[in-house]
Every structure is written in C-alpha cells, then in structure tokens.
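Hello,

Here is the structure for your files. My notes on it follow below.

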Amino acid sequence: MHCGLYRLSTRLYRRAVLAGDTHAAHQLVVQLNLLGRDPHGTGAFWAAEHVSLADPEGVAELLLTLRSAPPAREALLRRRPARHVRLDDPHGLSRLVDELRRCQAQDAIAELPERAPAEHVRLDYASGVAWLLDALKDARAYGAARVLAGRPPTAFLSTTPAESRDCSIQWAVQGARKTEPYC
C-alpha cells in the first residue's frame, strides 16, 4: 500500500518540477534517497537537469541535497545557475552564494557579480541584505559587496520598526565598508 503512495508522490513531485517548482526537486531527491529507490542517482540527475533555475533559494537547497550525488550536482552546475537566478531576493542569493562556495564552484561565483546583483536586490529585508553582504565577502566578491553597501539609505525601505531597521542596515553597511581583500 505504501509503495503505491510513494510512487504517486514521486509522480506529483516530477510534475511540480516540470511546472517550475524548485523546492519540489529538492523533495523528490530527498524522497528517493530515503526510500533507497535511486541507487544510481538517475532521479537526482533528472531533477538537476529539469529544475527551474529562477529561485536562488531553491537552487541552493537542491545543491545542498545533491552533495550526496556529485554527478547530479555537477550537472546542475553545468547549467550555470548563477546566470539564471532572480536577483531580487537577498536571502536566497546569500544562500546560493554560500552553497556555491561550499561546492567550490568558483566559476559560478565569479559569474554572479557580472550580473550586478547588488544593483537589483530588494533592500526591504535588512537581515537578508546583511546575510548577502556576508556571503559576498566570504566568497571574496568585494566589488559587489561595496556596490550593495553604497546604495542610498533611502533605498532601504521596510515594514519593520524604524529603530530595528536602521540598526540592521547600519550594521550591514559598516560590515561591507570594512571589506578588504585578504592578503
């Protein structure tokens, strides 16, 4: 009985992946791994080949899941996710930069600043901006961190209380301005 339910859920995850749901790709790979139904990694490879690359957080989540399937992870990296992800989500971009750094995908990290994410990212989520600044510094993308920190303070609009917003923004900007290459 359970086998039929897992088979049905696998089909639903596949359809969701084809419809553009990045998180469904992660769930598909996790389910196949838990069930032991993907010993050769074909399901993980399929997910890497068919996942939408628009959602930076979803791509980061899938890269994390594919650590146990290096050929599938390499297939996903060959699709050059840094060229296709949306640039407006600071938290998602920070997770993607961190995961690319952990995968030692230096080429992908180098592609991201070429698209000028600091100029396109939404600034209404101060914590996300701070995480993105830290991720850019850790990835040694100092130019992108400086551009993001140099954006005018009026661009930092939020629905959070003014005191906490201003404090978070000052902390993030001060951290980015102190960014210097390691020698």
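**Charges and burial in the model**

Arg7, Arg11, Arg15 and Arg37 form a positive surface patch. Please keep in mind that the model is predicted.

Next, the salt bridges. The count comes to ten salt bridges, and I describe some of them here.

One of them joins the side chains of aspartate 55 and arginine 86, at 4.0 Å from N to O. This pair links distant parts of the chain: aspartate 55 is in the loop between α3 and α4, arginine 86 is in the loop between α5 and α6, and the two are 31 residues apart. Aspartate 55 counts as buried, at 14% relative accessibility, whereas arginine 86 is partly exposed at 38%. Asp55 and Arg86 also belong, together with Asp88, to one network of salt bridges that share partners.

Another salt bridge is formed by the side chains of glutamate 111 and arginine 83, with an N to O distance of 3.4 Å. Here too the pair links distant parts of the chain, with glutamate 111 in helix α7 (residues 106-114) and arginine 83 in the loop between α5 and α6, 28 residues apart. Glutamate 111 has 8% relative accessibility and counts as buried, because the cut-off for that class is under 20%. Arginine 83, at 44% relative accessibility, counts as partly exposed.

A further salt bridge lies within a helix. The side chains of aspartate 98 and arginine 101 meet at 3.5 Å, N to O, and both residues are in helix α6, three residues apart, which is about one turn of the helix. Arginine 101 is partly exposed, with a relative accessible area of 29%.

Last, helix α4. Why is helix α4 (residues 56-65) described as largely enclosed by the rest of the structure? Eight of its ten residues are buried, so the description follows from that count. The buried residues of α4 are Pro56, Gly58, Val59, Ala60, Glu61, Leu62, Leu63 and Thr65. Their cover includes α2, α3, α5 (70-78) and α6 (90-102).

Regards

Methods. Residues are numbered from 1 along each chain as its sequence is written. This is a predicted model: local features need pLDDT of at least 70, side-chain atom pairs count only at pLDDT 80 or more; totals for chains, interfaces and linings use all residues. Side-chain values use heavy atoms; hydrogens and water are left out. Patches are made of residues with over 30% relative accessible area and no salt bridge: like charges are joined within 9 Å, nonpolar side chains (Val, Leu, Ile, Met, Phe, Trp, Tyr) within 5 Å. Accessible areas come from the Shrake-Rupley method with a 1.4 Å probe; for residues, only the protein chains shown count as cover. Lys and Arg count as positive and Asp and Glu as negative; His and the chain ends are not counted. The place of a charge is taken as NZ of Lys, CZ of Arg, CG of Asp or CD of Glu. Buried means under 20% relative accessible area, exposed over 50%, partly exposed in between (1.4 Å probe, protein chains only). Helices (H or I, at least four residues) and strands (E, at least two) are DSSP runs, numbered from the N terminus. Contact means heavy atoms within 4.5 Å.
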